[in-house]
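Dear colleague,

Please find below the structure I am handing over to you, followed by a summary of what was found in it. I would be grateful if you could read the two side by side.

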Amino acid sequence: MAVKVYIVYYSMYGHVEKLAEEIKKGASSVEGVEAKLWQVPETLQDEVLGKMSAPPKSDVPVITPNELSEADGFVFGFPTRFGMMAAQFKAFLDATGGLWRAQQLAGKPAGIFYSTGSQGGGQETTALTAITQLVHHGMIFIPIGYTFGAGMFEMEKVKGGSPYGAGTYAGDGSRQPSELELQQAFHQGKYIAGITKKLKQAA
């Protein structure tokens, strides 16, 4: 029976989605793992999104809270808003009360990835403050630590991410995830999928 890893994300301008795609590739590279991409519902009206110059959403399916219970592990991704997760993702998690009451996510591993506008824009606080959501569900937070190796110590080029998880810098929106950031995202997917597989086999 396949180990299911859900990569669930919110992306307004596509930066988080690019990381999500690499995380899926990494997770899928682990034998016996079935990785799937999901978007959370948008909360803003099309008129507002248009004024914000947000591109149309991709065709990645939109997840409902109850579908989370089908997965064995997760990687959650979102852009930052003032150093915390975007309201769209928080609204989705706020709708998981039924899962919380039944403790359907308890004991399941989860990682976090993110995008910020600047180097001081929340590369660590966005993940740190998101951990509270996992704690109340009894989930197991899986940071990548320094398992990415030398890439964690890159000092010559701008690189997002931290021991908490993969990340990127969007800047004014024109900057796209670098090759190193994408490699780190792939590593995170592979790393968390491997741990999810071990936990399921041990259960």
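**Strand pairing around β1**

Strand β1 pairs in the parallel sense with strand β3 (residues 73-81), over five bridges. Please note that this is a predicted model. Within this pairing, V5 has G73 in β3 as its bridge partner.

Strand β1 also pairs with strand β2 (residues 33-39), again in the parallel sense, and here there are seven bridges. One of the residues concerned is Y9, whose bridge partner in β2 is Q39. Together with α1, the strands β1 and β2 make a β-α-β unit, and this unit is right-handed. As to its cover, β1 has six buried residues out of seven.

**The nonpolar core**

The largest nonpolar core holds 29 residues; those that touch the most other members are V8, I63, L68, F74, F76, F89 and I112. Two or more residues come from each of β1, β3, α3 (87-94), β5 (109-116) and α5 (125-137). The greatest contribution is that of α5, which gives four residues. As a general point, nonpolar side chains in soluble globular proteins tend to be buried together.

Y13 lies in the loop between β1 (3-9) and α1 (15-28). With V48 and M52, Y13 makes a nonpolar surface patch of about 240 Å². The relative accessible area of Y13 is 39%, so this residue counts as partly exposed, a class that lies between the limits of 20% and 50%.

With kind regards

Note on methods:
Residues numbered from 1 in each chain as written. Predicted model: local features only at pLDDT ≥ 70, side-chain atom pairs only at ≥ 80, totals over all residues. Heavy atoms only, no water. Patch = residues over 30% accessible without salt bridge, like charges linked within 9 Å, V, L, I, M, F, W, Y side chains within 5 Å. Areas by Shrake-Rupley, 256 points an atom, 1.4 Å probe, with all protein chains shown as cover. Salt bridge = Lys/Arg side-chain N within 4 Å of Asp/Glu carboxyl O. Buried < 20%, exposed > 50% of the residue type's maximum accessible area, 1.4 Å probe, protein only. Pairing = 2+ DSSP bridges. Right-handed = clockwise from strand over helix to strand, strands pointing away. Core = buried A, V, L, I, M, F, W, Y, C linked by side-chain atoms within 4.5 Å.
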